[in-house]
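Have the model open while you read.

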Amino acid sequence: MNFVESLEAVYDLAGQAHTPSSGSLARSVKEALDVIERVVQQYGWDHISMSFNGGKDCTVLLHLLAAVLYRSQRARTNNTALAERLKDISCADSSSSSASPEPAPIHSESMPPTPPRPSPGRVPSALLPTMQSVYITCVSPFPEVEEFVDHCVARYSLDLVKVPGPMKEGLVQYLELRKARGNDDAQDGRNDESVKDIAAIFVGTRRGDPHGAKLDFVTPTDPGWPQFMRVHPIINWSYADVWAFLRRFQVPYCSLYDEGYTSLGSTFNTFRNPALRRPRLVQSSTIHEDTSSAHPPDTLQIPPDPLKAPPTPDEGTEWEWLPAYELVDESLERAGRGSSYSGVTTPL
């Protein structure tokens with residue numbers, strides 16, 4: 001499935017939401033698209049931004065926004081030739097055809113293979129106009145997350161502004177930077193229509209996230225915060241919905257999710273999820289015992305050293321980590337997150 005086919009397939013699935021055979025994912029996608037379209041109609045793309053930090057939830061949101069943006073852009077331009085050109089932009093990474101194949105990922109028989117990594121090629125702006133976005137960084141981010149964010153900037157044509165956290169201070173700085181850019185353009189005699197006040201910011205928060213339980217689809221920011229509307233199109237999605245979406249539409253995601261991580265933050269408070277750990281299956285070679293000796297095997301037992309601590313059950317065990325989509329108990333999604341650290345941002 002190439003990039004354009006993936007975007008179009010999002011609306012194809014949403015169109016099945018009201019059929020008797022539709023599953024929960026179709027209804028979730030339809031609900032999210034409806035929210036996005038209403039907000040876009042109310043505020044316009046020029047007054048909209050999104051919060052993106054490379055996590056799985058905002059990656060789903062980004063692909064949903066791209067599907068809506070592509071559909072509206074195609075309706076305006078009806079550029080069939082351009083769409084044909086974009087079919088060459090595959091969801092697969094251009095470097096994936098290596099001479100040495102990668103080991104097969106761990107996955108259940110009922111699940112499709114892990115989707116490929118993102119292609120770094122930027123899409124033509126006539127297909128996806130530049131989308132405004134903000135990345136509020138945390139202390140000590142994972143290099144894999146930073147690399148994935150850069151891939152998405154190219155893949156989805158993001159006008160991404162990086163500002164340091166915490167969240168409140170980062171939002172203030174982001175909005176001030178945008179305002180300053182608009183003032184600079186005005187002084188230089190340029191009329192940059194893309195620099196306008198932000199009225200709404202899309203966020204990938206879900207109901208089970210911290211501070212997500214009481215949020216609605218559209219919620220104003222709290223008193224004392226920069227004033228705009230927070231938009232949560234996937235607020236009612238489950239953990240399973242997120243992974244079903246990413247894998248069904250072959251949306252690239254951060255590689256850490258294939259290494260046992262289920263929720264990403266700073267390296268100070270993010271670890272592999274213990275619920276995804278399992279003993280590595282090691283093939284043992286067959287040992288042929290020499291039975292030619294007339295003497296019985298030595299059965300002398302050496303007493304334990306009283307000064308040495310007894311071995312733990314895990315001692316000597318080799319472990320491997322299942323990918324995030326193998327997590328069964330959704331309540332353990334954040335089991336790999338430690339205590340909060342000053343300066344570490346959380347979802348908006």
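## Ground rules and helix H7

Contact here means heavy atoms within 4.5 Å. Keep in mind as well that this is a predicted model.

With that in hand, take helix H7, residues 239-248. Seven of its 10 residues are buried, so the helix is mostly covered. The buried ones are Tyr 239, Asp 241, Val 242, Trp 243, Phe 245, Leu 246 and Arg 247. What does the covering? The cover over the buried residues of H7 includes H1, helix H2 (24-43) and H3.

Six strands make up an open sheet, and reading across it the order is E3-E2-E1-E4-E6-E5, with mixed pairing. Strand E3 (158-164) and strand E5 (218-220) are the edges, each pairing on one side only. On average, neighbouring strands in this sheet are turned by 30 degrees against each other, if you ignore direction.

Now zoom in on strand E1 (residues 48-51), which pairs with strand E4 (residues 200-202) in the parallel sense over three bridges. Opposite Ser 49 you'll find Ile 201 of E4, while Ile 48 has Ala 200 in E4 as its bridge partner. E1 also pairs with E2, again in the parallel sense, over two bridges; there, Met 50 stands opposite Ser 133. Is E1 covered on one face or on both? Both faces are covered: Ile 48 and Met 50 on one side, Ser 49 and Ser 51 on the other, are all buried.

How do H2 and H3 sit relative to each other? Their axes come within 10 Å and cross at roughly 65 degrees, and H2 passes H3 in a right-handed crossing. On the H2 side the meeting residues are Val 29, Ala 32, Leu 33, Ile 36 and Glu 37; they meet Leu 61, Leu 64, Leu 65 and Val 68 in H3.

## Nonpolar cores

The largest nonpolar core has 69 residues. Those with the most contacts inside this core are Val 29, Met 50, Phe 52, Leu 64, Phe 202, Trp 237 and Phe 245. H3 gives the most to this core, with 11 residues. A second, separate core has 11 residues, among them Val 134, Val 163, Met 167 and Phe 228.

Phe 52 is a handy one to click on. Leaving aside neighbours within four places in sequence, Phe 52 is in contact with Cys 58, Thr 59, Leu 62, Val 134, Tyr 135, Phe 148, Val 149, Cys 152 and Leu 158.

His 63 belongs to helix H3 (residues 56-77). Why does His 63 count as buried? Because its relative accessibility is 1%, and buried means under 20%. The His 63 side chain makes polar contacts with the side chain of Ser 6, at 2.8 Å, and with that of Tyr 156, at 2.8 Å. Beyond four places in sequence, the residues in contact with His 63 include Phe 3, Leu 7, Val 10, Phe 245 and Val 251.

Val 10 is in helix H1 (residues 3-14) and is buried, with a relative accessible area of 0%. Although Val 10 and Ala 67 are 57 residues apart in sequence, their C-alpha atoms are 6.8 Å apart. Not counting residues up to four places away, Val 10 touches Val 29, Leu 33, His 63, Leu 64, Ala 67, Phe 245 and Phe 249.

Leu 175 sits in helix H6 (residues 167-187). At 22% relative accessibility, Leu 175 counts as partly exposed. Leu 175 and Asp 197 are 22 residues apart along the chain, with their C-alpha atoms separated by 8.1 Å. With residues up to four places away left out, Leu 175 touches Ile 198, Pro 226 and Phe 228.

Conventions: Residues are numbered from 1 along each chain as its sequence is written. This is a predicted model: local features need pLDDT of at least 70, side-chain atom pairs count only at pLDDT 80 or more; totals for chains, interfaces and linings use all residues. Side-chain values use heavy atoms; hydrogens and water are left out. Helices (H or I, at least four residues) and strands (E, at least two) are DSSP runs, numbered from the N terminus. Buried means under 20% relative accessible area, exposed over 50%, partly exposed in between (1.4 Å probe, protein chains only). A polar contact is a pair of N or O atoms within 3.5 Å; within protein, one must be able to donate a hydrogen and the other to accept it, and residues adjacent in sequence count only if both atoms are side-chain atoms. A nonpolar core is a set of buried Ala, Val, Leu, Ile, Met, Phe, Trp, Tyr and Cys residues joined through side-chain atoms within 4.5 Å. Two strands pair if DSSP finds at least two bridges between them. Axes are lines fitted to C-alpha atoms, for helices over the stretch in contact, and angles run from 0 to 180 degrees between N-to-C directions. A crossing is left-handed if the near helix is turned anticlockwise from the far one by less than a right angle, and right-handed if clockwise.
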